[in-house]
Amino acid sequence: MPAILARMVRPKPCTSSEIAERMQRLPRWTLTEGRVRREFRFPDFSRAFSFMTRVALLAEKADHHPDWSNGYGRVTIELSTHDAGGLTTLDFDLAEAIDRLEA
Ligand code: H2B
């Protein structure tokens, strides 16, 4: 979705059954404190940062941005929708798009 439309369409928080259903498609992500989280490992900093730049482009396109941290060969991503105060389809769609970067 173009960023201008993404800014206009603001989904409501998912229900717990919607969250359970979407989590089934994200076996490498964990649900903690109202966020979805995954840690990625890389052989070196250059590859970790390269991955981050690709995630950043996805995030800008969706107008939906990760909370994340990075070490030498590690990127930890946490997703939630600040505007909605919870998890929305935006978080699950971005998590699935990030997983597809690895495919
Ligand atoms: N990212 C995340 N993770 N949650 C949000 O609520 C959010 C965002 N809101 N990116 C967007 C930007 C909003 O602040 C802008 C104005 O569209």
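Author: In α4, the buried residues are Leu90, Asp91, Phe92, Leu94, Ala95 and Ile98, where buried means that 20 or more other C-beta atoms, placed from the backbone, lie within 10 Å of the residue's own. The model is predicted: local features need pLDDT of at least 70, side-chain atom pairs count only at pLDDT 80 or more, and totals for chains, interfaces and linings use all residues. Residues are numbered from 1 along each chain as its sequence is written.

Helix α4 spans residues 89-101, 13 residues in total, and reaches 19 Å from its first C-alpha to its last, close to the 18 Å expected, that is, 1.5 Å times one less than the number of residues. Helices (H or I, at least four residues) and strands (E, at least two) are DSSP runs, numbered from the N terminus. An α-helix has 3.6 residues a turn, so residues three or four places apart point the same way.

The buried residues of α4 pack against α2 (16-23), β2 (35-41), α3 (45-62) and β4 (74-79), contact being C-beta atoms, placed from the backbone, within 7 Å. α4 lies across β2 and β4, at about 155° to β4, whereas α3 lies across β2, β3 and β4, at about 25° to β4; axes are fitted to C-alpha atoms, for helices over the stretch in contact, with angles from 0 to 180 degrees between N-to-C directions.

The open sheet has four strands in the order β1-β2-β4-β3, with antiparallel pairing, a pair requiring at least two DSSP bridges. β1 (30-32) and β3 (67-71) stand at the edges with a single partner strand each, so one side of each lacks a neighbour in the sheet. β1 and β2 pair over three bridges, and Thr30 stands opposite Arg37 in β2.

Conventions
A residue is buried if 20 or more other C-beta atoms lie within 10 Å of its own, exposed if 12 or fewer, and partly exposed in between; C-beta atoms are placed from the backbone. Two residues are in contact if their C-beta atoms, placed from the backbone, lie within 7 Å.
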